[in-house]
Every structure is written in structure tokens, then in C-alpha cells.
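My notes follow the structure.

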Amino acid sequence: MRMKYVLSEVLVGLWRNVTMTIAMIITMAVSLFMLGGAGLLFQKVGDMKDLYYENVEVSIFLKTDVNEQQRTDLDAKLKSDPLVKEVTYVNKDEAYKRFQEMYQDAPDLVNAVKPEQLPESFRLKLVNPEQYKNIYDQYKDTEGVDEIVDQSKLLDKVFGVLTGIQTFALVIAVFMAAAALLLVANTIQVAAYSKRREVAVMKLVGASNWFIQAPFVLEAVVAGLIGSILALTFLVAGKYFGGGGSLAALEGLITPVSWGDLLLMFPIMAGVGALFSAVTGWITLRFYLRV
């Protein structure tokens, strides 16, 4: 009987202040959507780092006048280096083939370059790609070496941009969450004020604070859960429409977001929405309304 009463009071309370309830749910949904998007981005950036850094290469380009002895000595030194996982020698003909593949859409440029104009190189895969600096310091003054290029420098810039987007999403989520929690507190205060006579009567007949507070706190929890469902809907819509639209071109660059990723994110959003709403409601009743 008590549980039935509490649940009925929750539904009545949500409907009594329907406009504020809708505003609270929408604000909560937007904040949880931003939180979920930032969480997915954080996960995908981590996956991308693991994927790309695992395959990153360091290229050691040789001078045009390098002799056979210098090339052989450098090859032996690289293969015995504990920092180097794999060594691949690329001669002028192989470099030209790669150049043709890279610029196949620019035939005039390809025709203007001859194989003998391209430098020989060693392509390295490191045991730990983050140790590129050690490789650079060790081989930059080696005879026959012209230039050392590390692909991770470009990746660092790309991931720096993605991390900036992630941080921006988190900041927006925090501001929206603050607005949502203020709406939660305001809605509960209005609801409690409208029922102040009922609250006074219940206290007179010996009702516990928990029993009095439960409907108000559950109102906030229900609003948080509905907001998390809406946030999940926004994420699903973003995947559905974005995956088939302009974002489809990025599938080769960015690891795709799976449906499993979205479903795993929902409990986090629901938990955050329900928990913070409940805590906000309890604090509001405890310190402001003194019920």
C-alpha cells in the first residue's frame, strides 16, 4: 500500500508541474547526450591510438650519394637495435611504386618524377612508438642518413584535435548538467511547496522523513531515467543518420561506433542521471525545505 501511494504521488507530481518536468527532462537528456558522446569519443580515441600507433612507421631516408657499405652498416645496426621491432628496406624502384600509388590521381606529377630522383629508405616499426625521439637522436648523425620522419608526429596533431573536441563536449555536458540539476531542485521545491499542507499533516501523524521525501526524490529519479532514454535515442539517431551520411567517409580513419558501444553507454548515462537527480532531490529537501 505504501509503495502504491508513493508511485501514484510520483506520477501526480510529474504531471502537476508538467512544463517544468519537460524542461528538466530535456535539459537532462541534452547533458547526458553530451556526456555519452564524450565517453564514446574517449573510447574511440583510445581504440584509434592503439590501432594507429601499433602500425606507425619511422622512415629513415638516405642521401643520394650513400654507398653500399654505409647502407649495409646501417641495416645491420637497425636490425640489432632493441628499440626496433621490424626493418624494411625500400630501394628507389619500390619507392617509385609507392609514389605512383600515392599520387595515382595526379598523373602529371607522377610522369614528372623519375625513380632515380626518389631516395632510398629504411621503414621501421618500433617496439614502443613513443620512443621515436631515441631513434632520432641515435641515427640523425649516422653516415648516409639524410632525414628521419616519424608518422606519429602527424597522429599526435590529429589526436590533439580529437582530445580538444572531447574536452569541449565534457565542458558543455558539465554546464548542461548543472542547469539540469538546478531545474531538478527548483521543480522539487515547487512540488513540495504545493503539498506543504499534506506534508505537515503526515508529519503530525508520525510519518517518517523517508516516507515524505520518497515521492519527491523518485520524481527526480524518473526524470533522470527518462532523460537518459532520450539521450540514448539522440545517440542512436546520430549513429544512424551520421553513419550513412557525411561521417561515412571517415570510416577508414575513425574506428566506427558499434551498437554494442551505444548499449554499454546507456547504463552509465542512466546511472549518472538517476544518481545525481536523487542526490540533488535529497539535498534540496534536506537543507532547503526542512521536511
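**Aromatic pairs and annotated spans**

I looked up phenylalanine 234 and found 37% relative accessibility, which makes this residue partly exposed. The model I worked from is predicted.

I then searched the whole structure for aromatic pairs and got 2. Phenylalanine 234 pairs with phenylalanine 33 in an edge-to-face arrangement, with 5.9 Å centre to centre and 90 degrees between the planes. I noted that this pair links distant parts of the chain, 201 residues apart: phenylalanine 33 sits in helix α2 (residues 18-55) and phenylalanine 234 in helix α9 (residues 209-243). Phenylalanine 33 is also partly exposed, at 28% relative accessibility.

Next I took the pair of tyrosine 89 and phenylalanine 122, which is tilted, at 5.3 Å centre to centre and 50 degrees between the planes. Tyrosine 89 belongs to strand β2 (residues 84-90) and phenylalanine 122 to strand β3 (residues 121-126), so their contact ties together parts 33 residues apart in sequence.

Phenylalanine 122 is buried, with a relative accessible area of 1%.

Last, I checked the UniProt record. Its unreviewed entry lists "transmembrane region" for residues 21-42, 168-193, 214-242 and 262-285. I compared two of these spans with the model. Residues 21-42 are 100% helix and 0% strand, and their end C-alpha atoms are 31 Å apart. Residues 262-285 are likewise 100% helix and 0% strand, with the end C-alpha atoms 34 Å apart.

Conventions: Residues numbered from 1 in each chain as written. Predicted model: local features only at pLDDT ≥ 70, side-chain atom pairs only at ≥ 80, totals over all residues. Heavy atoms only, no water. Phe/Tyr/Trp six-rings, centres within 6.5 Å; stacked < 30°, edge-to-face > 60°. Helix = DSSP H or I, 4+ residues; strand = E, 2+ residues; numbered from the N terminus. Buried < 20%, exposed > 50% of the residue type's maximum accessible area, 1.4 Å probe, protein only. UniProt positions renumbered as here; feature names shortened; annotations may be inferred.
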